[in-house]
Structure formats: C-alpha cells, structure tokens
Amino acid sequence: MQASAWLQCEVTPGMFENEVAIGVETTEGLVLSFFMNADAVKTFPPNKKAIPVEVVAQNNDYGVVALPSRSFEGPNVARVPSDALRFA
C-alpha cells in the first residue's frame with residue numbers, strides 16, 4: 001500500500017519567513033522534528049495543521065508514513081496514530 005495523506009502535527013514558526021518547524025508524535029511517544037517550506041502545510045477545520053506524507057502501511061491503530069524530510073532525530077519514516085492521518 002502506498003497512498004498520499006495529510007498528517008496532523010505540531011507546526012511552529014521556523015527561523016526564516018518561508019519556513020516552519022514540524023513536530024510529529026509517533027505511536028512510541030517520540031517526537032520527530034524537522035524544518036520544511038511553510039507553503040506545504042495545510043490547515044483543516046478547526047485550525048488543525050497537517051503536512052503531506054506517503055502512507056506505506058496501515059492498520060486500524062497506526063500508519064507507517066514516509067515524512068517529507070529527514071528528522072533531526074534521524075529517521076524519515078514514522079509510525080503514527082491512524083487518527084492523525086487524513087486521506088486526500
């Protein structure tokens with residue numbers, strides 16, 4: 001399975017005007033962080049921020065996603081709660 005989706009995450013201002021800092025919480029309770037272009041972030045009601053990801057596997061509890069950038073912590077693949085995913 002490979003599908004495009006939006007992953008709800010924490011989005012804060014980055015160091016530059018066109019950049020945001022991303023925090024993705026995994027099912028293991030870790031937070032993976034990286035910077036990305038602010039234009040790639042989408043807002044869903046009620047003010048939920050999300051980034052584009054590729055879902056490579058999924059079950060009822062979690063999805064395994066390829067993040068749009070390598071995290072500072074190392075991986076660019078994360079296991080995230082299924083309810084944090086929204087399919088386009």
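**Exercise 1. In which sense do S2 and strand S3 (residues 19–25) pair, and over how many bridges?**

Before we start: this is a predicted model, so local features need pLDDT of at least 70, side-chain atom pairs count only at pLDDT 80 or more, and totals for chains, interfaces and linings use all residues. Residues are numbered from 1 along each chain as its sequence is written, and side-chain values use heavy atoms, with hydrogens and water left out.

Step 1. Two of them pair if DSSP finds at least two bridges between them.

Step 2. S2 and S3 pair in the antiparallel sense, over four bridges. Pro13, for one, has Val20 in S3 as its bridge partner.

Step 3. Now zoom out: the open sheet has three strands in the order S2-S3-S4, with antiparallel pairing. Its edges are S2 (10–13) and S4 (31–37), each pairing on one side only.

**Exercise 2. Work out where Ala38 sits and what it touches.**

Step 1. Look in the loop between S4 and strand S5 (42–44) and you'll find Ala38.

Step 2. Ala38 counts as partly exposed because its relative accessibility is 25%; buried means under 20% relative accessible area, exposed over 50%, and partly exposed in between (1.4 Å probe, protein chains only).

Step 3. Skip neighbours within four places in sequence, and Ala38 is in contact (heavy atoms within 4.5 Å) with Asn18, Glu19 and Val20. Val20 is also the residue that bridges to Pro13.

**Exercise 3. Is Ser71 buried or exposed?**

Step 1. Find Ser71 in the loop between strand S7 (62–66) and strand S8 (77–81).

Step 2. At 5% relative accessibility, Ser71 counts as buried.

Step 3. Leaving aside neighbours within four places, Ser71 is in contact with Leu32, Ser33 and Phe34.

**Exercise 4. Describe the largest nonpolar core and the place of Val24 in it.**

Step 1. A nonpolar core is a set of buried Ala, Val, Leu, Ile, Met, Phe, Trp, Tyr and Cys residues joined through side-chain atoms within 4.5 Å.

Step 2. The largest one has 19 residues, and Val24 is among those with the most contacts inside it, along with Leu7, Ile22, Ile51, Val65 and Leu67. Strand S1 (3–8), S3, S4, strand S6 (48–58) and S8 each supply at least two residues of this core.

Step 3. Beyond residues up to four places away in sequence, Val24 touches several others, including Leu7, Cys9, Ile51 and Val80.
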